[in-house]
Amino acid sequence: MLLTHATLATMTGGYGLIRDAAVALDGDRIAWAGPMADLPTAFRTLPEHACQGRLVTPGLIDCHTHAIHAGHRAAEFELRLQGASYAQIAQAGGGILSTVTATRAASQDQLLALALPRIDQLIASGATTVEVKSGYGLTIEDELKMLRAAREIALHRPVTVKTTHLAAHAVPPEFTGDAKGYIEKVALPSLRAAHAEGLVDAVDAFCETIAFSTADLAPLFAEARALDLPVKLHAEQLTDQQGAAFAARHQALSADHLEYLSPDGIAAMAAAGTVAVILPGAFYTLRETQAPPIQALRAAQVPMAVATDLNPGSSPLASLTLAMNLACTLFRLTPEEALLGTTAHAARALGLADRGRIAPGLRADLCIWEADHPAELSYRIGATPLHARIYGGRLDA
Ligand code: NIG
Ligand code: FE
């Protein structure tokens, strides 16, 4: 297929904007992209799809979601509006643990059925690749059940799904006060079992006073290394636990949230090439007032990704374009940084070298937007100006 007369944002060196551009696709790959005037003759006979000036970007990538879960937490939303904090609700047995109760009670099929409408909302906002975490099972079997359900998404929708093991998300009631015991008896064996079943692309954890310390997590990250799995970390969301530096010491793909990130953490991330995943949906939902240190991350040239953090508690947000809008308005990311954050930098946060930009040899995951400039994707609030998408070279209008 040949896309013609496109406004192309290749996301190479910024927007990499090319007006009146063509993109030639060969199977599931991009064969060529550039100005119409330079189109090699070999590609001129391909079946044409005229874009009529519409914006074409790489397919968007949501690199941080908790899309598999049962139940909702609207009652907690009401409690927080009355003044309770996220940490207070968690300490009283609500929060993540209330979703754990609902998720344990659900079957794999039920979890999948609940997730598909959420994935459809992400798809409607331009997602062609979605990361999905476990972390609401917190037993070996329930973590496996979540990861199996996550993997099944790709059998029902054309998106690529990357699965992340997050058994170290909270300490369940049966291990209260014994985070180390939980890591040893549940997190490690569930990781080994899930890896043996081919269900794990990366290992994540929640490093926080209400969850796990870096000392608790050291055996888990050591095991990830032994299994040759990359790590990521929910770090510095509510307090500074020096989680980002710990993650960077383990060559983490990303450290995520980062509102309380210190200069040392930034330096460690820059040195390790760890991506900063910015999650404005959680900041907004929790009415957090301390923004992540965007200007310092920028100055240190730490690549920034933007994701929804789609989850029933801290971020019931199912739109990548709205996440981009929030990142710009709340954190002063530029619209160019926001789009890099859901394309090239999101790919890097997932360790995916084959997507996130429009260049020869990369996977042909593309979005065609009813827009003529890439800043429009961040500028509109909650709009989904998606015209058509292409998954692995196949048009889905
Ligand atoms: O990314 N911070 C920890 N984990 C999730 C929240 C999960 C939940 O509240 O259910 C997050 O914000
Ligand atoms: Fe999260």
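Q: What counts as a donor of a metal ion?

A: Donors are N, O and S atoms within 2.8 Å of the metal. In this predicted model, the iron ion (ligand 2) is coordinated by His64 (NE2), His66 (NE2), His234 (NE2) and Asp309 (OD), at 2.1 to 2.4 Å.

Q: Which spacing do the donors of the iron ion follow along the chain?

A: The pattern is H-x1-H-x167-H-x74-D. His66 belongs to the loop between strand S6 (60-62) and helix H1 (74-81), while His234 lies in strand S10 (residues 232-235), so this pair ties together parts that are 168 residues apart in sequence.

Q: Are His66 and His234 buried or exposed?

A: His66 and His234 are both buried.

Q: How do the strands of a sheet pair?

A: In general, strands pair through backbone hydrogen bonds, either parallel or antiparallel. Here, an open sheet of four strands runs in the order S10-S11-S12-S13 with parallel pairing. Its edge strands, S10 and strand S13 (304-306), each pair on one side only. S10 and strand S11 (residues 254-257) are joined over four bridges, and Ala235 has His257 in S11 as its bridge partner.

Q: Which residues touch the most other members of the largest nonpolar core?

A: A nonpolar core joins buried residues through side-chain atoms within 4.5 Å. In the largest one, of 101 residues, they are Ile68, Ile153, Phe212, Leu217, Leu220 and Leu233. Helix H6 (residues 179-196) supplies the largest share, eight residues. At least three residues come from each of domain 1 (2-58 + 357-396) and domain 2 (60-349).

Q: What does Leu217 touch?

A: Not counting residues up to four places away in sequence, Leu217 touches Ala168, Ile183, Ala205, Cys207, Phe212, Leu233 and Phe246.

Note on methods
Residues numbered from 1 in each chain as written. Chains lettered and ligands numbered in written order. Predicted model: local features only at pLDDT ≥ 70, side-chain atom pairs only at ≥ 80, totals over all residues. Heavy atoms only, no water. Buried < 20%, exposed > 50% of the residue type's maximum accessible area, 1.4 Å probe, protein only. Helix = DSSP H or I, 4+ residues; strand = E, 2+ residues; numbered from the N terminus. Domains from an automatic or database assignment. Contact = heavy atoms within 4.5 Å. Donors = N, O, S within 2.8 Å, 3.2 Å for Na, K, Ca; no water. Pairing = 2+ DSSP bridges.
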